[in-house]
Amino acid sequence: MTEKFYIERLTVIGVGLIGGSLIRALKRADCVGQVTGCGRTREALEPALELGVIDRAGDSVAAAVADADLVVLATPPSTSGELFAAMREALPEHTVITDVGSAKGSVIQAARDHLTAEQFSRFVPGHPVAGTEKSGVEASFADLFDAHRVILTPVNETDPAALAMVETLWQHAGAEVIRMPARQHDATLAATSHLPHMLAYALVDCLAGMGEHRDIFRYAAGGFADFTRIASSSPQMWHDICFANRDELLDVMARFQEQLTTLTAAIENDDRQTVVNMFERAKAARDRFSDLRAAGGTVVGSGDSSE
Ligand SMILES: NC(=O)C1=CN([C@@H]2O[C@H](COP(=O)(O)OP(=O)(O)OC[C@H]3O[C@@H](n4cnc5c(N)ncnc54)[C@H](O)[C@@H]3O)[C@@H](O)[C@H]2O)C=CC1
Ligand SMILES: O=C(O)C(=O)Cc1ccc(O)cc1
């Protein structure tokens with residue numbers, strides 16, 4: 001008989017949308033014992049305690065990880081270095097560490113810089129490709145990861161047993177787990193997640209700056225709402241993500257700018273063929289993506305139920 005998967009003591013640093021949802025999903029699966037939360041301040045953890053998402057609040061990073069079997073880092077990527085440094089002296093020898101950051105290369109570098117080699121081998125970099133435009137523990141829910149992908153980006157040093165534990169953890173949270181090199185992850189997510197957020201923010205800011213924007217938004221159709229939902233995402237978090245994946249993001253932003261230049265020139269020059277060809281190619285690609293989603297293939301993003 002296979003042993004039941006169970007984490008006796010889980011510590012989550014950053015009990016917001018993703019940290020809170022992971023805890024709820026693991027509680028739903030009845031595979032977690034005592035859950036300790038850690039925040040910037042103790043007061044910041046009051047809502048998580050009141051909602052019953054966490055069982056106790058750690059007074060410091062060191063205190064919160066001191067008896068943990070698993071530590072999940074669920075804070076903005078730029079905080080990783082200081083948090084790894086703060087846990088270094090207090091981590092028990094067996095503790096597995098993982099994270100949920102939207103960019104992987106920079107978090108892996110921070111772990112390399114601030115953990116011991118032993119601890120680094122038990123760090124499993126991860127990213128649930130599921131979320132919403134909301135933030136905070138109040139927005140967290142147990143079903144967030146159901147049928148969504150989690151990408152793990154282990155490195156050569158990653159301990160296979162730690163990797164297997166984190167893989168099983170996410171499966172119990174409802175997710176489908178895949179593995180990918182961190183570089184490939186960062187290039188792919190720059191294109192499919194980080195660029196769309198930049199475009200949504202830039203579009204809404206552009207229109208909002210056009211003066212009579214109250215009236216413009218009043219007459220906006222569904223397409224505007226579809227395209228811009230993610231511009232309601234946390235500005236603080238997204239400024240952090242775009243610098244955490246800066247180089248890959250700049251590459252894909254340059255490609256997109258070229259595409260927009262091509263489209264602009266074609267419209268200026270009345271080059272209707274170029275315009276319709278671009279739209280035909282894009283429609284075919286978007287329709288294939290819709291079919292894949294409907295068939296239960298890659299599901300990226302949120303609880304948005306528009307398809
Ligand atoms: N929002 C989304 O849809 C997704 C986010 N992610 C990643 O998940 C991580 C967390 O994002 P969310 O849960 O959306 O953010 P959130 O804002 O809902 O939660 C982050 C939590 O971390 C806490 N925090 C911030 N700095 C801290 C520090 N220095 N020490 C302790 N706690 C600290 C905040 O107070 C907050 O409770 C980020 O790394 C993000 O890239 C991954 C997938 C989806
Ligand atoms: O709200 C949406 O559609 C998202 O795209 C959420 C999201 C945000 C950050 C990620 O790293 C992954 C998913």
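The following legends describe close-up views of a predicted model.

**View 1. Surroundings of ligand 1 in the predicted model.** Ligand 1 is surrounded by 28 residues (C-beta atom, placed from the backbone, within 6 Å of the ligand), and the closest are Gly14, Gly16, Ile18, Ser102 and Gly131. Two or more residues of this shell come from each of helix H1 (17–28), strand S7 (126–128) and helix H11 (235–244); helices (H or I, at least four residues) and strands (E, at least two) are DSSP runs, numbered from the N terminus. H1 gives the largest share, 3 residues.

**View 2. Composition of the shell around ligand 1.** The shell comprises 13 nonpolar, 14 polar and 1 charged residues. Here Ala, Val, Leu, Ile, Met, Phe, Trp, Tyr, Cys and Pro count as nonpolar, Asp, Glu, Lys and Arg as charged, and the others, Gly among them, as polar. Domain 1 (8–180) and domain 2 (184–269) each supply at least three residues, with bounds from an automatic or database domain assignment.

View 3. Strand S2 (residues 32–38) is joined to S3 by 2 bridges, and glycine 37 has alanine 57 of S3 as its bridge partner.

**Notes.** Residues are numbered from 1 along each chain as its sequence is written, while chains are lettered from A and ligands numbered from 1 in the order in which they are written. In this predicted model, local features need pLDDT of at least 70 and side-chain atom pairs count only at pLDDT 80 or more, whereas totals for chains, interfaces and linings use all residues.

Notes: Two strands pair if DSSP finds at least two bridges between them.
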